Amino acid sequence: MRIDRIEVYYVKNPMISPWRTAYGEDADIYSILVKMCSDEHSGWAEASPLFAPTYSPEFAYGVYHLVCKMFAPLIIGKDIESAQEINNILSVFKGNPFAKSALEMAWWVLKANMEKKPLHKLLGGSSDEVEVGADFGITDNIDELLVKIQGAVSAGFKRVKLKVKPGKDIDVLREVRKNFPNHTFHIDCNSGYTLDDLPLFKEIDKFGLAMIEQPLYHMDLIDHAKLQKAIETPICLDESCNSIYAAQKAIELGSCKYINIKPGRVGGISNSLEIIRMCEEAGIGNWIGGMLETSIGAGICIELATLNNMTYPSDLFSSDTYYKKDISFEPIVYSSPGKMKPSQVPGTPYLPDPAILKERTIFSEVIELSE
């Protein structure tokens with residue numbers, strides 16, 4: 001297919017309340033939206049690395065600049081018959097998986113629309129419904145957190161993820177386990193700890209968690225392998241598994257027992273598919289993570305969650321979980337307690353409402369061939 005036009009939007013999406021983690025908080029989610037066009041067909045995608053380089057070295061405006069000024073001009077006007085061709089064109093650039101994924105994922109959705117297939121069918125997904133979990137950031141007090149957990153448990157979510165940071169970990173887990181002794185929990189450390197905290201992690205072993213997500217340095221694989229050998233609770237990699245190469249090394253080193261797949265973090269859908277395949281062969285579990293995307297990005301994640309080797313409920317949420325108003329005409333909703341359905345239409349059903357897109361757009365640019 002010939003890529004005729006690429007529209008890029010730098011948008012600010014206000015949250016209902018700030019999202020707090022070990023690296024700070026975000027009151028608004030800054031995303032890059034990409035619309036890729038070929039003839040009368042188009043596909044939308046989203047990259048959401050956050051406003052500042054706190055989750056990873058990438059940040060939203062940097063992604064916008066790279067896509068507009070360097071990456072999209074190399075793709076416009078070319079006949080692209082596979083997502084791997086986009087990866088090959090962009091391979092000269094080191095890192096920057098979120099920026100690369102914005103274009104690569106848009107190609108996949110465009111392809112699905114052209115072939116009149118739901119995206120998950122094009123990807124080989126087989127599930128008609130996917131399991132999802134509840135996820136809570138760091139709260140001001142434990143009572144507030146317990147109320148939120150009770151709401152998730154009562155609503156039928158089979159697992160709950162808790163953000164922690166030094167000073168808000170053991171005491172939180174103690175109270176949570178006292179009130180919910182049998183429910184499935186895991187914690188997300190967002191790289192907030194080091195191997196010096198091994199005594200703390202041995203204490204955490206006593207709480208029977210499903211996993212500990214990204215406890216150590218955001219680029220580390222070696223210390224995670226050491227920690228995994230020293231504790232009983234499974235480790236899940238997030239930030240430090242940012243490529244196929246990193247996943248290969250994590251598997252070789254024994255750095256984890258789960259890898260959370262975020263398509264933006266690993267460079268797109270093709271890389272996600274390969275990492276899932278590698279993990280399944282190695283007996284490493286997967287689930288789909290999120291970056292608090294709008295429905296455009298989250299809709300793609302739902303499609304990925306239909307693939308094999310999703311051994312744990314994914315981080316996927318209804319539109320009204322974090323946003324008073326999502327950006328698309330059609331919001332993301334739960335199909336039943338703790339479950340969501342993938343697309344039943346070509347591509348995904350989540351297209352931006354032009355009025356909301358205009359309201360939230362800070363910068364935009366169109367890349368197309370000059371006459």
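The lining of the second largest cavity draws at least two residues from each of β3 (41–47), α3 (97–114), α10 (263–266) and α12; helices (H or I, at least four residues) and strands (E, at least two) are DSSP runs, numbered from the N terminus. The model is predicted, with local features requiring pLDDT of at least 70 and side-chain atom pairs pLDDT 80 or more, while totals for chains, interfaces and linings use all residues. Residues are numbered from 1 along each chain as its sequence is written, and side-chain values use heavy atoms, without hydrogens and water.

Two cavities of 30 Å³ or more are present in the structure. A cavity is a set of points, on a 1 Å grid over the protein atoms alone, where a 1.4 Å probe fits but cannot get out, and its lining residues have an atom within 4 Å of a point. Points are joined across faces, edges and corners, and the volume is the space filled by probe spheres set on them.

The second largest cavity, of about 60 Å³, has a lining that includes E46, F98, P263, M291 and E293. This lining divides into six nonpolar, three polar and two charged residues, where Ala, Val, Leu, Ile, Met, Phe, Trp, Tyr, Cys and Pro count as nonpolar, Asp, Glu, Lys and Arg as charged, and the others, Gly among them, as polar.

The largest cavity has a volume of about 290 Å³. Of its 26 lining residues, G290, M291, L292, E293 and F317 lie nearest the centre. At least two residues of this lining come from each of β6 (159–163) and α12 (295–304), and α12 contributes the most, with three. The lining of the largest cavity comprises 13 nonpolar, six polar and seven charged residues.

Notes: On a 1 Å grid over the protein atoms alone, a cavity is a set of points where a 1.4 Å probe fits but cannot get out, and a pocket is an open set with protein on both sides within 12 Å along at least five of seven lines; lining residues have an atom within 4 Å of a point.
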